[in-house]
Amino acid sequence: MKTKYYISYIFAIAILGIFGSSCKKLLVIPANEPGQLVTSNVFADSAGSVNGVVGIYNKAFSSYGPLSGYLSIFPSMSADDVTATTTFYAPIYNDEQTAGNSTSQNGSTGIIWTGFYGNTVIYQANAAIEGLTASKGITNTLRNQLIGECEVVRGLSYFYLTNLYGAVPLALSSDYTVTNKLPRSSTDEVYAQITKDLTDATAKLSVSYPSDGAARPNKYTAMALLSRVYLYRQQWKKADSLASIIINSGMYQLENIDNVFIVGNQEAIWQGLTTSFYSYATQEGINFIPYGNNIPTFPLRQELLNAFEPGDLRQSHWTASTTVNGTTYYYPYKYKNRSGVQVNGNVEGEVLFRLAEQYLIRADAKINEGDLGGATADINAIRTRAGLPNTTATTTSQLTAALLKERQTEFFCEWGHRWLDLKRLNLLNSVMAAEKPGIWPADGHSALYPVPFSQVLLNPGWIQNPGY
Amino acid sequence: MQLNDLHKQSKNTDDDCISLKNGLKRWIAVLFFLQLGITAFAQKVTVSARDMPFEKFVGIVKSQTGYTFFYNREWLKQARPVTLNAKDMPLYDALRTCFENEPFSYAIVNKTIVLKLKASAGIQTSPTTRQHEHVTGLVADTTGAPLQGATVTISGSVSYRTNADAKGTFEIPFINNGDSISVSYVGYRKVSMIYQGSANILVTLRRNHNILDAVVVQAYGTTTRRDNIGAISMVTAAQIEKQPVTNVLNALEGQVPGLNITPTSGVPGSRTLAQVRGENSLASASTSTSVLNTYDQPLFIVDGVPMPLQNQALIGQSFASAAFNGPLGNQTGLSSINGINPLDIESISVLKDADATSIYGSQGSNGVVIITTKRAKPGADALSVSFNQGMTQSTRTTPMMNTQQYLSMRNEALSNDQLTASPALDPDITSFDQSKYTNWEKEFFGGTAQYTDLHLNLSGGDLNNTYLISGGYTRNTYDFPGDMTDNRYTLHSSFNHTSDSKKFKLDFGTDYAYDQNNNSGEPASLIGFTLAPNFPSLLDGNGNPIWSYKGYSYSSGYQGNPLAYLKESASNGTYNLNTHISASYKILPNLTISLNAGYARVSESFVYELPIGAQDPQYEPTGSASFLSRNTDVINIIPQLNYDKQIGKGKLSVLIGGTYKKNYSAEYDINASGYTSDALLNSTSGATSFEIDNSAIYYKYVDGFARINYNWDGKYIINLTGNRDGSSNFGPDKRYGNFGSAGLGWILSEENWVKNNLTFLSFAKLAADYGTSGSDGVAPYQYQPNWQVAGYNTYQGFTGYYPITPLNPVYAWALNKKFNEQVDLGFFHNQLLVNFMLYQNLETNELVSYLEPIQTGFSGITANAPYQVKNQGWELSISSGNIKAGNFSWTGSLNMSHNSNKLASFPDIANTPYASLYIVGKPLSDIPVIPYEGVNPQTGLFQFKAANGTITSNPNLYSGFNSVGGDETQLVDINPKLQGGFGNTFTYKRLSLYLFFNFSIQKGPNYLYSIYSNSNTGLPGTPLVNEPEILYGKEWKQPGDNATIQKFVDGFNGSNGYAAYSAASAFGSSTAAYSDASYIRLKTASLSYRLPDSWTKKMGLKNCSFYVSAQNLFVITGYQLGDPEALTLFNVPPQRTIVAGINASL
């Protein structure tokens, strides 16, 4: 019967079709998910490689990224730049309102830890360095430049991590089986890695920016961070010489006080561009400037207001005030744009490094090296820009005090400078105990932030910072 | 057994000696009557025979032509060897040639060659047999309806098989007294009898109520309860049809032991979750709160085709998406299961153990639900109509405080916080009408919705070709303000073809459904019932939202304007297509080859519109809209070989097959904003800015499987299955896995010592099986280091990439080891059936997003977890036959099950990220809680016992079992202890009442958990937020009070508020937030009346019945407020549906 054979053939073909063809072929799906790339695609050519690194900036400077301004807000609360008028931020920042509630669970500082360690900063830098090293499709010049950028990012991340948290895990690989059981490395070990990264980056990066303006790190950016590292490590000569190279390069100059935070200014050594919805405004502007007739979320503390000398342009240009229900509140006003408000059509960007800091690093180094004259000149350079007369300090101790005050009024609410200065100069306990009596803990444990509690739980064997 | 001889015995008295004359006469009559088919002459045979035994010749002709022979075996003794050399000789000639020498003559009747002794041969049949010719019969059911296609088998001195025609009649050419006649028909009890000489036979078949031999759908085929040794529970159309539900999963609640059904919301079209034999996954178990992240669900298969979306939610945020901290967390949304009309379902099989699921390999790990749609049956064309109409209301809504109680709470809160009411923050006290009262609970949940269901079914066909087409329309409105509806249109069809030879079978069917769900895209409107009772009007006279009252802006409150949210329309259009074809061919009598192929597609389009008119004008809003679409396809091809052979006293069945499955899902999203006219929201053209996104998911799966079943003498059964699987979800080197099972069954009741000694036992079976199944339940591509584009905004022109997964090639199949044993008993002629099962499942190598510390770059990385999760439990089901007493009859069923799970092992847990989350040996459903210590009489705050024994209102909200400093030192298990259902059907004459109850003995989060753990409404006392009346008067007011509720506070700012907030947060993690949530629910009540046949006949109907059905009529529970199943106050409560309807067929 014909139909019988006919039908049998159909079945036979169907079965052969399934079992006859290789099962491997039957399971073939496209090489990657739509809208996604794998590491080898990313670093296959120069365009992909650049995107593989620039993605760090795109994420890190966007609304909730770790470089979007939190480091200008949280440590400023911890120190004596600002206070907070909402309990949301209160527990960890030694704020009067919630004294005693400072437990490791409640702090919002966890965002710093997870932000840096998450997939878009340290991990991405690690993965990019590996991908760039293995890439066969890019020139050595591009490879060096991009690896250098990653090393600056990694160095910067570990600089803040170790300064805020103390011992931290040193993740340098994209292999999770290597990093998931890391112990916390001591501050010395972390600094050794930072120095290594930045020294290498200094060698790899060129003087000219890979970007339009200072939006991505160049050689001087690596040096600017390295000089800060040497300052913190009290390697005065090295700090002095790196700061001098930057100052003497002629690429940067101290800007008019109103232009310091505007994109395109001559003072910025690295100025990140915000990629959030209000691309002209930074998180500092959005968080510090109050809406309408509201009480500012982070009013300036009296100690800072007291530190300004009369006529200091930084007080008149970098702070502002508002009166709500008869009370006047002062707030940081370095960044003037916020959501919905763009002052004079300016675009502002996140200034991570600027020339003023190099002057004050060199002044610091010179005081310690005994070159008081040089130190005075550098301090005066900053004072002049602030519309102030030259400093009256002459002795080492006077200059040291004058320098600290200069750093306080120059860098308030900027990248945690005040908090880290007090810590590295061992002044934190005395200053905080005096300014926040009854709140600053006697054992001074608040000098370090708590490691996010969830991370302590995820890393059996880790010990939380003392006091939490 | 039923045999009625209605007609008189035939009067063939001279049959002992058949005269030639008589014979000829009859021959002529027979030939004339049957109209010898002309086709017989067209049939050709090729035979080369020399002295071939006659019987062999018969076999050759049979195989070449398909014709069967009909003769008396005794005659063969006289048959002579055949010598014939024929090539393509017409059958007629061949027969004539060879029969010349034989002592037989022949006639061709249909396709049967009927042999007849030649009188001249002088051979006599044995004197004891009485031969009858041309016996006719009729097969009918108890109502007298003919059963077309019933199989009639004659055995004994003759061997013959025929089928009843459309009138139910059949013909037997020859039969001898003492031969046996058996008549069988699917769904009816087989009847056998000994022929005693009547010329006309009437056979009445009774419906088969013997559950033991009823068809049970299993993986790739069917079995019976008698022969099945695995754990399969089946729900049939009869149980489903009585329940007015849109989502068929809701009709399964309490019906299947071991199947946990959890509706997520009372919103029409919302999801219902299903889980077989407990939670296997640690990834999905509760961690710090009772929110389940995922919830492992069984594999859903419809007519052999896996459902494209399984039981996932439809795309888009809708009214049903509200989570509000209920125990179901993010498992809400609209259901994709709604694409099947429950009335088109013939049966649902739930496969639970290894024996039943192993053949599905990787996909059956969490059980399998096989949905079989209705198939056509032979019979005259019939049209049946079912229509019902009814209403739906919310049950167990939450009574809220009235204005006086509310204002007293608010004033107390302000005074506790030492605040004075300010017009800006406390308009409820300063500017709102102090005597206005609106019962918002009633406004939002007090409505009545409509339920309409219409179903038409047309079917018919003959023995070889049958068809069935049905159409359905279901409409469900919301008992919530606003114009929201769920409309479903379904079209189901089924066509079956069987060749004349019965060797070739074709089954083809499609299901098409279109569901349009119009609702609100803003679930926040669900907290509208917490508005202050003196809150001003929300809408003006024209129905437009009002946004302020005496300077107070509604937008500044928690609830905004919930009636304005309802104007944010969300519309889900879902188009479901499922088409399947199954063809089989019997190559050899024992061997069947078949091919099942299916294609299913779900197309979803979701449109969300946020009109300007639904927003507060003070912010100068513009309109925005989202257009989402997703297509999900499944292609599924399964070739199979079936081999059946009788070996010794046993029957061997072998199934070998393979699967090729391809899943593809593509989603396109457009979010458009900046509309300045609401009229343009239905198009992208009025928008000024866009976000466009697309994504796709690829999945391929292949497997080869085999099942060997040997059933020895109906006593001993062995069943082996094996499966080799490949899945594209794994890295190239990890794609294949092997799974299998072995099962043994022993039917004791077939043993003589049982038959003789335990006569009360009509059936007894012991069975046990053990096996494995796997899971490839991870997202694809997780094994490679993937990057994606960083964002819409560029960094100096670069979009940038960022990594989303690390290189991770090592993970592979998860493995679930299952052990099941059962006792199946029948008493009183199987009028009472009892089944008891014990099971133990061990989930190993589970695929999870394994927690990692963040220095790895990720918070979780796909991996095979090292732990083992054990689920064990028992299931009991009891069902009765139809117990009759006069006009009254009763059937009943009961099932219950218990499941407990625990983390069986976790090597070196102390050194893993899970150290503080789980405790080895404890249930995954355990939630660590802090011992509650009442309200502090001095501070008025909830207080708790910390791990160190001190009493505090600010404890450490971490587990005290395994993390440092945690104060959660007790455990609450929210896994139900016992679940089940029982149903009874009472019939009195034509009146029938069905009552089905389901029950659960469990603990769950109580209303206080809802109030104190809900971040949507703040703490009691918060401005403009009303609270359940039950709190009123129980709160702490002044030092020294022994209250049960902590003091009311205005908010959680300030140190007082912060302390109250800390205590409230701790309360949600305390022993007091959980209480008994056991319940018994009258799930279904249905009363129906069948009109007398005499009436229906007059009306020209075959039958007609009227009914009233109710779903969720009442619940008995000690759960204080809210529904014990919903376990949250902030969701649409479960609905009570009452419908009246008619079923008629003509």
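Does B:Lys505 count as buried, partly exposed or exposed, and what is the relative accessibility behind that label? B:Lys505 counts as partly exposed because its relative accessibility is 43%. On this scale, buried means under 20% relative accessible area, exposed means over 50%, and partly exposed lies in between (1.4 Å probe, protein chains only).

Before we go on, a word about the model: it is predicted, so local features need pLDDT of at least 70 and side-chain atom pairs count only at pLDDT 80 or more, while totals for chains, interfaces and linings use all residues. Residues are numbered from 1 along each chain as its sequence is written, chains are lettered from A and ligands numbered from 1 in the order in which they are written, and side-chain values use heavy atoms, with hydrogens and water left out.

B:Lys505 is found in strand β27 (residues 504-520) of chain B. Strands here are DSSP runs of E with at least two residues, and helices are runs of H or I with at least four, numbered from the N terminus. Together with B:Arg161, B:Lys190, B:Lys502 and B:Lys586, B:Lys505 forms a positive surface patch. Patches are made of residues with over 30% relative accessible area and no salt bridge, joining like charges within 9 Å and nonpolar side chains within 5 Å. A salt bridge is a side-chain nitrogen of Lys or Arg within 4 Å of a carboxyl oxygen of Asp or Glu.

There is also a nonpolar surface patch of about 640 Å², with B:Leu458, B:Ile469, B:Phe495 and B:Tyr575 among its residues. Strands β26 (485-498), β27 and β30 (569-588) of chain B each give two or more residues to the nonpolar patch. B:Phe495 lies in β26 and counts as partly exposed, because its relative accessibility is 34%.

**A buried asparagine on chain A**

A:Asn465 lies in the segment after α21 (453-458) of chain A. This residue counts as buried because its relative accessibility is 6%. Its side chain takes part in the two pairings below; a polar contact is a pair of N or O atoms within 3.5 Å.

| Side chain | Partner | Distance |
|---|---|---|
| A:Asn465 | A:Arg184, side chain | 2.8 Å |

**Positive phi in two loops**

B:Gln310 is not a glycine, yet has a positive phi of about 50°. B:Gln310 is found in the loop between β20 (305-306) and β21 (345-351) of chain B. B:Leu1024, also not a glycine, has a positive phi of about 70°. The loop holding B:Leu1024 runs between α12 (1007-1012) and α13 (1054-1068) of chain B, and B:Leu1024 counts as buried because its relative accessibility is 3%.

Terms used. Areas by Shrake-Rupley, 256 points an atom, 1.4 Å probe, with all protein chains shown as cover. Lys, Arg positive; Asp, Glu negative; His and termini not counted. Charge placed at Lys NZ, Arg CZ, Asp CG, Glu CD. Polar contact = N/O pair within 3.5 Å; in protein donor to acceptor, adjacent residues only side chain to side chain.
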